[in-house]
Amino acid sequence: MRWIKFRQNQIQLLIFVLMFVLIFRLFTLTVVEGTHWDEAAQAISIKSVYTSAPRGEILDRYGRLLAGNRPSFTVQFSQGNLDDETLNEQIATVMSILEKNGDTVIDNLPIILNDDGTFYYTYDKAIEAWLISQDMPISYTAEDAFNELRSRYGVDEGLDKYEAQIELQTVYNVFPPISVVNMKFLEQLNKESFLGRYYLDYDLTAKEAFHKLREKFKIDSGLSDEEARKIMIVRNELASQGYYSYIPVTIAQEISNQTVVTLEEIGSELSAVDVVAESVRYYPNGKTAAHVLGYLGQINESEKEAYLEKGYNVSDMVGKEGIEKAFEDILKGKDGIKNVEVNAFGDLVRTISDDRPEKGTDIYLTIDLELQKTAEEALEQALEKILTAGTFESIYGNYKYGRKYKNANVGCVVALEVETGDVLAMASYPSFDPNLFATGISKEDWQSLQSENPRDPLSPLPLFNVAARTAVQPGSTFKMVTATAALDSGLDPKRKLRDGGAVKVGNRTYGCILWNMYRGNHGYLNLHEAIEVSCNYYFFDIAVGRDFYRGGSLGYNEEINIDKITHFAEQYGLGLPTGIEITETVIPVPSEARKMSAMKNYLKNVLIGRAELYFVDEVIQDKELLMEQINTIVSWTEENPSRNTIIDRLSKLGIKEDKIETVCDLCKFSYFNQATWTLGDELNISIGQGENAYTPLQMANYVATIGNDGKRNRVSLLKAIEGEGSVEKEEPVEIEVKDKNYFKEIIEGMRRVDHGPRGSARAIFANFPVQVAAKTGTAERAGKINPPDEAEYLKQNLKRINPSLTWEQVEEEMKRLLKEYPDVYTSHNSAARQAVLNLSRDRITASTLDAFKEDYDNFAWFVAMAPAEDPKIAVAVLLFQGGSGGYAGPVAREVIGKYLELDKQYKDYNLDTSISQ
C-alpha cells in the first residue's frame with residue numbers, strides 16, 4: 001500500500017484503469033455487439049441534395065423580361081459509398097424509365113456506338129467535320145491547318161504563331177479550333193483529357209477505350225454494348241467530377257410527370273438518385289434579341305477545371321455567347337445544398353443543414369424590347385421583299401423594290417442613342433431561338449443552325465451576329481469621313497466643283513455611277529450637294545486636294561492624304577473596338593504595311609499554284625528548294641527592282657527559260673507595282689471602297705458621333721445592375737477638328753439625301769413626320785460565289801471551260817497532284833482547279849475556271865440619324881447582296897419612327913426607381 005501513496009504511481013494506475021475500460025468497451029462494440037451496430041449504420045445515411053440556383057434575369061431598359069427562368073424537374077445521380085454492381089444496377093433502372101417515358105438523357109460520353117457495331121470518338125468526327133468545312137484534307141494536323149489558314153488570309157510570315165492567331169481572329173474574323181500553345185486541335189486536347197482521366201493511352205481506338213472503360217466500371221458482361229454504353233454515360237459524368245465527386249451530376253432535365261411519379265414510387269430502391277426541382281433558362285420572346293442575349297451550353301472538357309474551381313457543377317449550363325457569356329459571373333447564382341439523414345428506406349430522419357439557393361443578379365440592358373421587335377420585323381420584311389422585288393409595307397408609305405436580288409438573305413440593323421452610345425436595338429438575320437440551348441441542344445437542331453455552304457462566306461449562318469462581327473466595305477457611307485478630313489484641311493463647303501465624270505489613272509477609270517452607267521455627270525456641286533447625290537468625282541477631288549476637271553490645286557491650308565483620312569476614320573471609331581460588352585470584330589483602318597503584306601502572300605500563293613508551269617523539274621522535285629526559290633522572289637516585293645534585274649535574277653532560280661518573262665511581268669506589274677499606295681488606292685479609300693472594312697456597329701457609332709457634335713461614346717448594352725443602379729458612363733472622346741461647325745455642314749448634306757430635290761432616299765422619307773439626316777451606300781463585293789463542291793462544278797462545266805479535256809484526264813491529274821504535293825494541294829477542290837490549269841497549259845486562267853459561277857451582288861448600306869436638327873437616334877442597316885443602298889432605307893425608317901413614338905411614351909420613365917421597387 002505504500003506504493004499507492006506516491007502521486008506518480010496514482011497517476012499511472014488511473015491511466016491503466018482508463019485504458020482497460022476503453023479496450024473493454026471497444027471489444028464490446030466491435031465484437032460482441034458488432035452485428036447490431038453494423039445494421040444500424042446501414043439503416044441511416046447522410047445525403048446531400050443540391051439545387052441549382054436560378055440565373056439572374058435579363059431585362060430591357062424598361063424592365064421587360066428578355067431572359068428568365070421556369071421550373072423543371074431534373075434527375076441527379078450521386079455515387080456515395082455504393083459499390084460498382086449496385087450503382088450500375090440503379091443506373092440501368094433509371095435509364096430504362098427515362099427511355100420508356102421519352103425523356104432525353106444528357107449524353108456527354110464521347111464514344112459513339114454505330115448501328116453496325118463500330119465505334120468512333122466524337123472528338124475525331126468534330127475535327128474531321130471542321131477540316132472538311134474548311135476544304136482541307138482530313139489528314140491535316142493542327143499545325144498543317146493553321147499554316148494553311150495563314151497562307152489563305154495572307155498573314156505576314158514574320159509574325160509568330162500567337163500574333164498570327166490574333167490577326168486571324170481580329171482582322172479576318174477566323175477562329176480556328178486550335179490551341180497555338182502546343183499546336184493541337186482543341187478537340188484533340190479534350191480527347192486527351194478524357195482518356196487521361198482514366199489513365200488510358202492517347203492512341204487507343206474508340207473501341208479499345210470503350211472496352212477498357214467497360215472493364216473499369218465492372219459492367220455486367222451479359223449486357224450488350226448498347227446497354228453498357230447507357231451505364232457508361234452516367235459513370236463518365238460521375239468520374240468527370242474529379243475531386244468534386246461528392247457533388248451530384250444531372251443526367252436528365254425537364255423530365256415528364258410520369259418519370260417523376262415512377263422514381264418517387266421506387267425511391268427506396270434508388271439511393272443514388274434524386275429528383276430535384278430546378279429552374280431552366282427561358283426566353284419568353286423566342287428569337288427576339290437572340291444575338292444580343294446569346295445562349296447557354298454545357299461546360300466542355302477544356303473549361304471544366306476553371307469552372308470547377310469557381311464552384312460550378314460539371315453539368316451546369318453556362319453562357320456561351322452574347323450577354324449570357326459576358327455577364328456569366330453576375331448572372332450565375334449560388335447553388336443550394338441540403339444535408340439530410342435518411343434511413344435504409346430513403347425516409348427522412350432529420351435535416352442536418354439547409355442552405356437555400358441564391359438567385360443570380362438581375363441586369364438591365366439598354367435594349368428597348370418593342371424597338372427591337374420592330375427592327376427585326378422590318379429587317380425580315382425588307383429581305384423577303386427584295387428576294388421577289390415586292391413592296392415593303394409601312395404606315396409611313398409603301399416602298400416598291402424595283403429589282404429582285406435572289407441572294408439577299410442576310411442582314412442587320414443597329415440603333416444607338418446618340419447622346420450616350422447605348423444600344424437601343426441590334427438585330428441580325430437569320431436568327432435562332434436560344435430556348436433550343438436551354439437544356440442542351442440536340443444534334444439535329446445544331447445542324448440546322450450551320451451554314452448550308454461553308455465555302456461561301458456570305459451563306460446564311462443563324463448563330464452569327466452580323467451586326468457586331470461582320471466587317472465589310474462601307475461604300476459611300478464613308479464619305480463623311482473624307483469630308484471631315486477635307487474640311488479640316490481647308491475645304492470651303494460652299495465651293496462648287498465640276499463633276500468631270502471619271503478620273504483616269506493609268507488604264508483604269510474611277511467614276512460616278514452616272515458616268516459608269518450613262519456617261520453622265522452631276523454638274524457643279526458644293527459639299528452639301530455632293531453628299532446628297534453621292535458624287536464620287538467630287539470626293540476624289542477633295543480627298544487629294546486637287547480639281548481633276550480643271551487640273552489645279554484646291555488650295556488647302558494643310559496637306560491631305562490617305563493617312564489623314566484614315567486618322568479621322570479612327571477618331572470616328574472605325575477600325576477600333578466600340579467597347580461593347582459582347583464579342584465584336586475589329587479590322588484596322590487601311591495601311592500601306594497591310595497592303596504590302598497581303599500582296600506578298602497573294603504572290604506566294606500564285607507561284608505555289610503555278611509551280612509546275614514555271615519551274616524546271618529539278619526544282620519541282622525538291623520541295624524545300626522550291627519554297628526557298630518562291631520565298632526569294634516574294635522577298636523582292638519591297639525593293640521592286642527593274643524588269644531587267646528581275647529577268648536576270650529569275651534566270652538563276654530554276655525558272656523555265658520560256659517562262660522567265662511571263663513570271664517577271666506577273667511579279668512586276670501585278671504585284672510589285674501594286675504593293676505600295678497608289679493614287680487609285682487613295683481614290684478608292686476616299687469613297688469607302690478598297691481596304692476599308694467596318695462593322696455595322698462601328699458605322700452606327702460613327703454616325704452617332706457626327707450627330708453628337710463630334711463626341712464619340714463607348715458603345716454599351718448594359719444599363720443597370722440589380723442593387724447597384726445605373727451604370728456610370730465614361731466621358732466621350734472628342735474628335736480633334738478646328739471647327740465644330742464641320743459636323744453641321746456634314747449633317748446638312750445628309751439631310752438633303754432624304755429631303756433634297758435630288759436625294760437618293762427622298763421617296764422613302766416623303767411622308768415621314770420629322771427631318772432625317774442619312775447616307776446611302778453601295779459596296780461592291782468582288783469575287784464569285786463558290787459552290788459547295790468545286791470539283792463537281794468543274795466537272796459539270798468542263799466542256800465550256802476547255803472542250804478538249806475529259807473528266808477522266810482531270811481526275812488522273814488530280815490524283816497525281818494530291819499524291820506528289822499533299823502540302824500544296826490541300827483538298828480535291830484545289831487539286832481539281834490546278835489539274836484543269838495544268839492540262840490546259842497557258843490557254844486558260846483562274847478567271848476562266850470561275851466564269852460560270854454566280855457573281856456577288858452589291859451590299860446595301862443605309863445610315864441615318866434623327867431628328868436632323870437635334871439627333872437622338874443613329875441607325876445603321878446592312879443588307880448582304882441587297883442591291884443599292886436605298887433598298888435598306890425602309891428598315892431605318894421603321895426603326896426611327898418607332899423610336900420617336902416610344903420616346904414620347906416613356907419620356908417620364910425612371911429606371912433607378914423601377915429597380916428599387
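**Cores, strands and a cavity**

Modeller: Leaving aside neighbours within four places in sequence, Tyr-538 is in contact with Leu-491, Arg-495, Leu-497, Leu-525, Asn-526, Leu-527 and Ala-530, where contact means heavy atoms within 4.5 Å. This is a predicted model, in which local features need pLDDT of at least 70 and side-chain atom pairs count only at pLDDT 80 or more, while totals for chains, interfaces and linings use all residues. Residues are numbered from 1 along each chain as its sequence is written, and side-chain values use heavy atoms, with hydrogens and water left out.

Biologist: Which residues touch the most other members of the largest nonpolar core?

Modeller: They are Met-426 and Tyr-538, in a core of 141 residues. A nonpolar core is a set of buried Ala, Val, Leu, Ile, Met, Phe, Trp, Tyr and Cys residues joined through side-chain atoms within 4.5 Å. Buried means under 20% relative accessible area, with a 1.4 Å probe and protein chains only.

Biologist: Now strand 30: why is it largely enclosed by the rest of the structure?

Modeller: Strand 30, residues 859–866, is largely enclosed because eight of its eight residues are buried. Phe-859, Trp-861, Val-863 and Met-865 lie on one side, and Ala-860, Phe-862, Ala-864 and Ala-866 on the other. Strands here are DSSP runs (E, at least two residues), numbered from the N terminus.

Biologist: Which strand does strand 29 pair with, and over how many bridges?

Modeller: Strand 29, residues 773–779, pairs with strand 30 in the antiparallel sense over seven bridges; two strands pair if DSSP finds at least two bridges between them. Ala-779 has Phe-859 as its bridge partner in strand 30. Strand 30 is also joined by seven bridges to strand 31, residues 873–879, again antiparallel. There, Ala-866 stands opposite Ile-873, and a hairpin of six residues joins strand 30 to strand 31.

Biologist: What lines the largest cavity?

Modeller: It has 18 lining residues, of which Ser-52, Ala-53, Ser-279, Asp-316 and Met-317 lie nearest its centre. Strand 9, residues 273–282, gives the most to this lining, with four residues.

Methods
Buried < 20%, exposed > 50% of the residue type's maximum accessible area, 1.4 Å probe, protein only. 1 Å grid on protein atoms, 1.4 Å probe; cavity = no way out; pocket = protein on both sides within 12 Å on 5 of 7 lines; lining within 4 Å.
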